[in-house]
Amino acid sequence: MPSLNLAIARLVHAGTNNFAIWVVRAPYSSGHVFHDCVWTPNLTQVWQEWQQLFALHSNLDVSPNASESDKIQSNYSLPIELPQPATGQPTNYAGRLMQYFGNCLWQWVFDGPILNSLEHSRGIAAGQEKSLRLRLEIRDPYLVSVPWEIMQRPGQAAISLSQNVIFSRTTSDVDKLPSLRSDAGLNVLLVLGDDENLQLEAEAELLKRTLTQGTAIGSNSRGYAPCIVTKLIRPTPEELIAALETRAYNVFFYAGHGLRGPDGGILNLHPKATLNGIELAQVLTRTGVKLAVFNSCWGAQPLAVNHQPIPYSSLAEVLIRHGVPAVLGMRDVIADRESLSFIQAFSEALRSRRAIDEAVADARQKLLSLYKFNQPGWTLPVLYLHPEFDGQLIRSLDESITELPTSLPEFRKTFPAASLRLLTDGTKQLLPTPITRIGRTTDNNIIIPDLSVSRQHAQIICRDSFIDTKLEQSYYLRDDSTAGTLIYQSGAWQRIHHEEVPLRSGTQLKFGSSRGDIWEFMIENS
């Protein structure tokens with residue numbers, strides 16, 4: 001997908017409110033243009049009015065000179081006078097303010113050569129029958145809290161709601177990403193921090209159901225990818241790090257309280273233990289997590305001291321600068337019902353194999369349709385993507401098919417459907433044919449986040465064979481692991497190691513430890 005990356009920075013020696021906007025990356029060679037502009041008193045006035053109406057924690061002044069912004073504020077009364085709405089546009093004050101501020105931000109950013117570069121880039125993307133990725137890098141700490149997600153061209157939808165221009169934030173001050181493979185499914189580590197106001201077990205179960213859409217592990221209805229959620233409630237830092245060190249997870253999801261701070265803030269994990277943003281960033285990058293999601297009110301907000309924001313102090317900025325490929329945080333407090341609606345729509349879009357930034361746009365649209373334009377909920381999620389990351393967390397169906405060649409393609413449709421069923425809760429996962437990969441890491445078809453399970457533990461293979469000149473298909477288990485696989489045969493568990501054995505419907509299996517979960521292999525149409 002073509003990408004247009006913009007950067008905004010203050011011109012320190014040119015005046016208090018002078019800024020430069022330029023193209024860092026464009027899909028064509030002459031698209032790297034530059035534009036300077038002034039942040040006007042009108043923008044400051046509307047921004048302050050936005051904070052009065054919508055913001056709970058993000059009261060940061062844009063101007064670095066507090067006396068100047070105080071003087072501007074004293075010269076107008078609230079509410080400010082807004083243009084009259086056109087037919088079909090919001091008529092209440094909150095909706096009109098949101099639309100007006102979005103128009104002002106759009107016109108400030110997309111002016112002159114920047115607008116020309118955007119239009120040319122959109123034309124290139126349309127010619128390739130693709131969307132255009134627009135990534136915005138805010139290098140001035142006073143502008144980080146501005147709701148850039150509401151930017152909208154007059155007469156059009158907000159840019160973060162579009163599926164033709166896919167919006168996210170980014171930063172260029174990052175290390176190069178290692179080679180990343182898209183995964184077969186979501187493997188989520190769900191962490192609930194210390195919160196005396198919540199019933200944490202019930203909250204964890206609610207979030208787990210929301211993430212998995214109430215479907216069984218491995219459900220492939222509507223082409224959905226599987227989603228496995230592992231819960232950690234009030235973990236110590238050591239327990240959290242040990243879980244992440246299994247390298248089984250591609251998504252880290254945190255819900256709970258925290259404090260903003262210069263090192264990305266503090267997560268209140270445990271009544272007696274906390275973890276700061278830099279410490280979390282180091283373990284997330286070391287263990288291969290691709291997406292970090294924070295269902296809390298401070299994840300995308302910098303620390304401010306006397307209304308002076310500390311550069312790159314928000315948790316989202318700290319994680320992305322340390323090499324986490326994608327970070328989703330909230331700019332401010334989000335209501336519980338809005339948060340659950342967003343998480344449900346977001347996880348559903350991810351499991352339908354949408355890229356992360358496309359999934360966020362889908363979920364915003366869901367919030368907007370449920371809670372209307374004059375409510376700020378849809379504006380609160382802030383997504384940061386590494387400039388080299390394409391946002392693809394789960395591999396497409398086409399990629400999955402090409403990784404699974406058959407020995408006799410003409411007989412592909414005759415493969416008997418098979419599944420593995422987890423006996424502890426009855427959840428069932430249909431097996432792709434002809435090869436199902438099982439292991440601890442997210443590049444497997446079936447992911448088992450247990451330290452006794454190897455990264456690539458075993459394969460279940462369906463093969464063609466001729467029996468008395470008749471073509472039949474049979475299933476085999478091949479163990480490639482360190483600890484081996486246990487099979488229940490003749491009334492006892494037997495361990496195989498680096499062997500291949502035939503599988504029959506009803507065979508029970510344990511992968512790795514003898515204390516592990518029991519899976520039952522079933523041939524559906526046998």
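Helices (H or I, at least four residues) and strands (E, at least two) are DSSP runs, numbered from the N terminus. This is a predicted model, in which local features need pLDDT of at least 70 and side-chain atom pairs count only at pLDDT 80 or more, while totals for chains, interfaces and linings use all residues. Residues are numbered from 1 along each chain as its sequence is written, and side-chain values use heavy atoms, with hydrogens and water left out.

**View 1. The whole protein chain.** The protein chain has 11 helices and 27 strands. Buried residues (under 20% relative accessible area, with exposed over 50% and partly exposed in between; 1.4 Å probe, protein chains only) make up 55% of its 526 residues.

**View 2. The largest nonpolar core.** A nonpolar core is a set of buried Ala, Val, Leu, Ile, Met, Phe, Trp, Tyr and Cys residues joined through side-chain atoms within 4.5 Å. The largest one holds 117 residues. W108, W148, F252 and F346 touch the most other members. Helix α3 (residues 93-109) gives this core its largest share, 9 residues. Another core lies apart from it, with 22 residues, including I448, V453, Y475 and I496. In soluble globular proteins, nonpolar side chains tend to be buried together.

**View 3. Around W148.** Contact means heavy atoms within 4.5 Å. Neighbours within four places in sequence are left aside here. Among the contacts of W148 are I8, W39, L105, W108, F167 and R169. Ring pairs also link W148 with F19, W39 and W108 into a cluster.

**View 4. A tilted pair, Y254 and F294.** Rings of Phe, Tyr and Trp (its six-membered ring) pair if their centres lie within 6.5 Å; planes under 30 degrees apart count as stacked, over 60 as edge-to-face and the rest as tilted. By this rule there are 12 aromatic pairs. Y254 and F294 form a tilted one, 6.4 Å centre to centre, with 50 degrees between the planes. The pair links distant parts of the chain, 40 residues apart: Y254 is in strand β8 (residues 251-255) and F294 in strand β12 (residues 291-295). Y254 counts as buried, at 0% relative accessibility. F294 does too, at 1%.

**View 5. A stacked pair, F342 and F346.** The ring centres are 5.8 Å apart and the planes lie at 15 degrees, so the pair is stacked. Both residues lie in helix α9 (residues 336-351), 4 residues apart, about one turn of the helix.

**View 6. Charges over rings.** A charge sits over a ring if NZ of Lys or CZ of Arg is within 6 Å of the ring centre and within 35 degrees of the ring normal. R321 lies over the face of Y312, 3.8 Å from the ring centre. K510 has its charged end over the ring of W493, at 4.7 Å from the centre.
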